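Hello,

Here is the structure I promised to pass on to you. My notes on what turned up in it follow below.

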Amino acid sequence: MEEGMSLPSHAALSTVFDANPRARSLWCLAAAAIIQCALLVYLPTSPYRVSLAIALIGVGLAIGAAMLLVRRLPGAGLTAKALVALTALGMTAFPWRSRAVRRLVGADPSDWLVWGLAGAVIAIAGYALWRGSPRVKTAALLVLASVFVYRGHYAIQHVDETEFDVIASHHAAYRKLLTGGNPYSPPTPFNISLEEGRKIYPAARIKEGYIDAGYVYPPLLLLTAMPSYLVTHDIRYGILLEILLAAWLLTRLAPGDSGRLAAAVLLTNPFAVEVASLGWTEPAIILLFLCFLWCWRRWPAQAGWLLGGLVSIKQTMVMWAPLAAALLWGRFTAWPERLRWTARAATTAAVPLLAALALWGFEPMFDSTVRLHADMPARGDSLTFIRFAADHPPAWLNLISLAGVAGFLGFLAFGFRRNWTASLPHWVALAALCWTTFFYFNRQAFGNYYYFTICLWLTAAAMLDTAAEDRTTT
């Protein structure tokens, strides 16, 4: 064992200060489910639906806070059943009137026939995941993965990449890069009206047919999404693969039924197909986070390399630094080990940034990745508590959003005092609560932000449910 490492496993430590982590697991899952309901009722064009979604996210945040603050909670042993129920609910969003179903039951089947067939399939799949043998459960997961890929491919083929800024930004950057240009230099082609564009971006940045900015994310994300573009000419197929790999890692991090069922929930999440088809980048962050957890359990001294990537893959992800510092403090007791771990993380975070600065210059990168975001106007369809301040200028909104940072650090400090950073499953739950608070009180947040938090809550639920049984030492 390396110098500075604590002797007990994280799972064993979890029982020192938490007599029943499995009850806490159910509350993590409840927070994820409520936030998912908020995304399902959200409609950007309806102020009432936006307000309802914000209220539901607030309820989810309150459940998450209770998970941390209340020492004794009910619900132990119910997580697996709740995961089966969420999987069944997610399957109701499958395309039950697809072309394949019409071939099977007729050109225009009646509703009772369609939903009867759907009910039978959902019941069989649920029973297989709940009561089947390990091989049957694995087969059921593979079927769900295949359905997810089919739905994702269909959605990608029917979404115009030029109408969504994230896809346009990536693809324009790669076209510039492959012709020897600077991906951070403007413009970025964008098929949107001037009126709509100025609701999203600073008015001076929107021109007819393009945005006066380059690639809007850090260089590491540009690098990670590149293989998908080179192979398929579309970053979204890489996102499908990231979600599949994330589901597989969940089964590794939480061995047994909890991990398999959590993977099933991830694959049947109605929002996952939308995330992939619109090119949102959160699956890359989720996959990198799960890789970090997997590495931390097996080679904790080397996990710093992954943490550096997690911190630098997107602008807001720098908030992983204080969370990692709390985890690092409890895991390594000797300062040389702490410093070496931090140096590894700093290297991974700095190398892509320094290379990009050397290749493409400071000014275009700063303009597209920092200045553009700081000048963003307020949006009335944002899923944040400070939506009431939509009439304030961007400078004021940047100050108001510090409430999210304060809440993030406040919950982290409380969890640290409760010794939650001594247990990896509890640390994941603490991270889910911190990030939900951060986004809820941020200047703007949308469905993809909360999809990220849902996956954090889901991971915490699966890991806490197996914490008492998993005695694997690190």
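19 of the 19 residues of H22 are buried, so the helix is largely enclosed by the rest of the structure. Buried means under 20% relative accessible area, exposed over 50%, and partly exposed in between, with a 1.4 Å probe and protein chains only.

Before going further, two notes on the source. This is a predicted model, in which local features need pLDDT of at least 70 and side-chain atom pairs count only at pLDDT 80 or more, while totals for chains, interfaces and linings use all residues. Residues are numbered from 1 along each chain as its sequence is written, and side-chain values use heavy atoms, with hydrogens and water left out.

Now the core. A nonpolar core is a set of buried Ala, Val, Leu, Ile, Met, Phe, Trp, Tyr and Cys residues joined through side-chain atoms within 4.5 Å. The largest one has 145 residues, and Leu293, Trp320, Trp341, Trp427 and Trp435 touch the most other members. H22 (residues 447–465) gives the most to this core, with 14 residues. Leaving aside residues up to four places away in sequence, Leu293 touches Leu253, Leu424, Trp427, Val428, Thr459 and Met463 (contact means heavy atoms within 4.5 Å).

As for the overall fold, the chain has 22 helices and 3 strands. The 3 strands form an open antiparallel sheet in the order E1-E3-E2, where two strands pair if DSSP finds at least two bridges between them. Strands E1 (188–189) and E2 (206–207) are the edges, each pairing on one side only. E2 and E3 (residues 210–211) pair over 2 bridges, and Lys207 stands opposite Tyr210 in E3. Buried residues make up 54% of the 474 residues in the chain.

For Cys28, the nearest cysteine sulfur is that of Cys434, 12 Å away. Cys28 is buried, with a relative accessible area of 0%, and Cys434 is buried with a relative accessible area of 0% too.

Best wishes

Methods:
Helix = DSSP H or I, 4+ residues; strand = E, 2+ residues; numbered from the N terminus. Disulfide = S-S within 2.5 Å.
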